[in-house]
Amino acid sequence: MLSSESLHAPPFSRSSSQASVDSASMEDFWREIESISESSLRAQEEPPATEVKPVDEGELEAEWLQDVGLSTLLSGEEEEDGKALLSTLTRTQAAAVKKRYNTYTQTLRRKSKQPVRDVRDIFGVSEAPLDASCDNHTAQLDDTQEEKQLPEVIKTSNPVLEEASLDSSALCNGSQEEERGLTEPGRSSVSILEAISDIPVHANGASESRQTVPSPLSGNDCPEKNISTEAEELSFEVSYSEMVTEAPKRNKLKKSEIKKEDYALTKFIVQKTRFGLTEAGDLSPEDMKKIRHLSLIELTAFFDAFGIQLKRSKTEKVKGRDTGIFGVPLTVLLDNDHKKDPAVKVPLVLQKFFEKVEESGLESEGIFRLSGCTAKVKQYREELDAKFNADKFKWDKMCHREAAVMLKAFFRELPTSLFPVEYIPAFVALMERGSHIRLQLQALHLMVMALPDANRDTAQALMTFFNKVIANESKNRMSVWNISTVMAPNLFFSRGRHSDREQLLLANTAAHVLRLMLKYQKILWKVPSFLITQVRRMNEAAMLLKKQLPSVKKLLRRKTMEREVASPKASKVLQKSPSARRMSDVPEGVIRVHAPLFSKVSMAIQLNSHTRARDILAKFQVENSHGSSERIKIQNQRLYEVGGNIGQHCLDPDAYILDVYRVNPHAEWVIKPQPHP
């Protein structure tokens, strides 16, 4: 599968001094592997390495469909979430789903020899092969789209949810007849995707008449106007997989060598649009779940565009422990920590390890190379397992070296690795092609967005911590290269057996991926706006589908209406929902902002094209500046859009609210504390 050349590190620009760095790094790597092996032998509870068990492709594709939230295609049950997700897919995303479903159904036919729905009956008949757009790089957008960049936001007057039927663009080809067909309750979820296949879509998945995100700011309006000539702009507005399929036509991307030096990595700048930028923690858990599903579909479609398969093999799963600290799943640790702090997102014991190293170890030479005192490490591990959750462990006796050793052991002994090691072969293939660093960054961005919440939040805290260590490189001799080489085996691990050559290949690639994470941390944990657009459309589709009530529910609803007619006064109270009151009381272009924690709890704001979130916060600061405590409070507050086509969205202070309002006219606007980092 892998050539002999691929077992070496990717091509680097070398110098005489670089050779010594390479040698030292490899020594660090093998020393870390030896340390891992020895610690595994010492730990009696460490589960044995397991052989990778071959699994048929159909089973893997079924698991993929479940992981992306499309179990409805397997069960045949009509699920609103599955329908809504299918209604938002871009052309390349739909092709990725079709390809996996096709493999799944073919495997079922071979196994059971029973009639199974043909993929063409579900997704529509096409003259071209289903996977042509992925493997042959032929999934090109309409010629007219190359000239059309992202259109401006369409202004609407007096929008009403009942009339905003998604513009039908994501659900059908625009004809009224098909729109009526969609709204029938009995229509299957798979037929929705069949309708999508013929829609002329833009690169970001929005059809021509759909509200979309405006182009990046330019000129004096751009918050980051002065961009270095060496830096490249990175757009979050367009689906990455769609951009890849457009790249051969536009001929914009060129191959570039991967270089070790931190300064040699391309500098990227993400310019803010009028919607600002969104961190992963700025969205509600429900919307982030949709982001994860969409990200995995998009990541698969991205690699499909290169003819690279995200091959996933099943390894015997390690359940993990239910108590203690080491070998316990992140979710279990967080459940225990939530009893102490409901808002915590990163395990408290891990935060304590960070603190111990930061107290006295940031300038300690080779902090993550040293093994520490074996006897003390063993003692502290046992005491942490027994006493930490009861707050009885005495941290003052632990030094930074033991904390660094146990930090590595913490990640190494997780039941599953912090990062999905099964995706590394796809990154190997991408790197072997000498792909532009931008493409590697985009693939990594999608992988980070597809991580479970606990893994993604923990990884972000870990990258922040490592960058503090790297900032003291002149004293601790821990560079980006050193940190990534030493830590990669602990963060990307496989419990299957590998030869030394395979292990080295895995480590080289994982170390490169880790370097990209450290270099581009400020980019990777921001949510691409094209995914947020899809989430908004998913939520709108879900609201529309919920209105297609089964006959029994319609009957109950009619009975309720009859009772309301019998009691007009009660009817009037019940029918006037908060949303309806808001829409009737507040004129177009005016929003009512609520600030329940302040003396001035509500204010009507007239929006114009220059009104930003920070301006609204400033208005409340002026109105509530009676005391110093109020001024302190407002500094920690953010403006949120709540409801409508989003669960909850903590807005960037630089977001232009009129643009957000036009995209989500049914939202409520609330000022409250910003989420924990």
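User: Why does Asp391 count as exposed?

Analyst: Its relative accessibility is 61%, and exposed means over 50% relative accessible area, with buried under 20% and partly exposed in between (1.4 Å probe, protein chains only). Asp391 is therefore exposed. Keep in mind that this is a predicted model, where local features need pLDDT of at least 70, side-chain atom pairs count only at pLDDT 80 or more, and totals for chains, interfaces and linings use all residues. Residues are numbered from 1 along each chain as its sequence is written, and side-chain values use heavy atoms, with hydrogens and water left out.

User: Where does Asp391 lie, and what is its phi?

Analyst: Asp391 sits in the loop between helix H15 (374–387) and helix H16 (400–412). Helices here are DSSP runs of H or I with at least four residues, strands are runs of E with at least two, and numbering starts from the N terminus. The phi of Asp391 is positive, about 60°, although this residue is not a glycine.

User: What makes Arg477 count as partly exposed?

Analyst: Arg477 has 49% relative accessibility, so it counts as partly exposed. This residue is in the loop between helix H20 (473–476) and helix H21 (480–491). Arg477, though not a glycine, also has a positive phi of about 60°.

User: Why is Arg100 called buried?

Analyst: With a relative accessible area of 3%, Arg100 falls in the buried class. You will find Arg100 in helix H5 (residues 91–112).

User: Which residues is Arg100 in contact with, leaving aside its neighbours within four places in sequence?

Analyst: Contact means heavy atoms within 4.5 Å. Arg100 has such contacts with Glu61, Trp64, Thr300, Asp304 and Gln309. Glu61 and Arg100 are 39 residues apart in sequence, and their C-alpha atoms are 5.5 Å apart in space.

User: What makes H22 largely enclosed by the rest of the structure?

Analyst: In H22, 15 of the 20 residues are buried, so the rest of the structure largely encloses this helix. H22 covers residues 500–519 and reaches 28 Å from its first C-alpha to its last, close to the 28 Å expected.

User: How do you know that S7 pairs with S8?

Analyst: Two strands pair if DSSP finds at least two bridges between them. S7 and S8 (residues 646–650) have 4 bridges, in the antiparallel sense, and so they meet the rule of at least two. One of the bridge pairs is Glu641 with His649 in S8. In the hairpin of S7 and S8, 2 residues lie between the strands, and Gly644 has a positive phi near 75°.

User: Which strand is joined to S7 by 6 bridges?

Analyst: That is S9 (residues 668–673), which runs antiparallel to S7. Leu639 stands opposite Ile671 in S9. S7 (residues 637–643) is largely enclosed by the rest of the structure, because 5 of its 7 residues are buried.

User: Which residues make up the covered face of S6?

Analyst: Met603 and Ile605 form the covered face of S6 (residues 602–606), while Ser602, Ala604 and Gln606 form the uncovered one. S6 pairs with S5 (residues 590–594) in the antiparallel sense over 5 bridges, and Val593 has Met603 as its bridge partner in S6.

User: Why is the sulfur of Cys373 too far from the closest cysteine sulfur for a bond?

Analyst: A disulfide is a pair of cysteine sulfur atoms within 2.5 Å. The closest cysteine sulfur to that of Cys373 is in Cys399, 8.9 Å away, which is too far for a bond. Searching the whole structure gives 0 disulfides.

User: How many residues are in the largest nonpolar core, and what makes a set of residues such a core?

Analyst: A nonpolar core is a set of buried Ala, Val, Leu, Ile, Met, Phe, Trp, Tyr and Cys residues joined through side-chain atoms within 4.5 Å. The largest one has 125 residues, and Phe353, Phe368, Leu384 and Met517 have the most contacts inside it. Another core, of 22 residues, lies apart from it and includes Val593 and Leu617.

Definitions and conventions
The expected span of a helix is 1.5 Å times one less than its number of residues.
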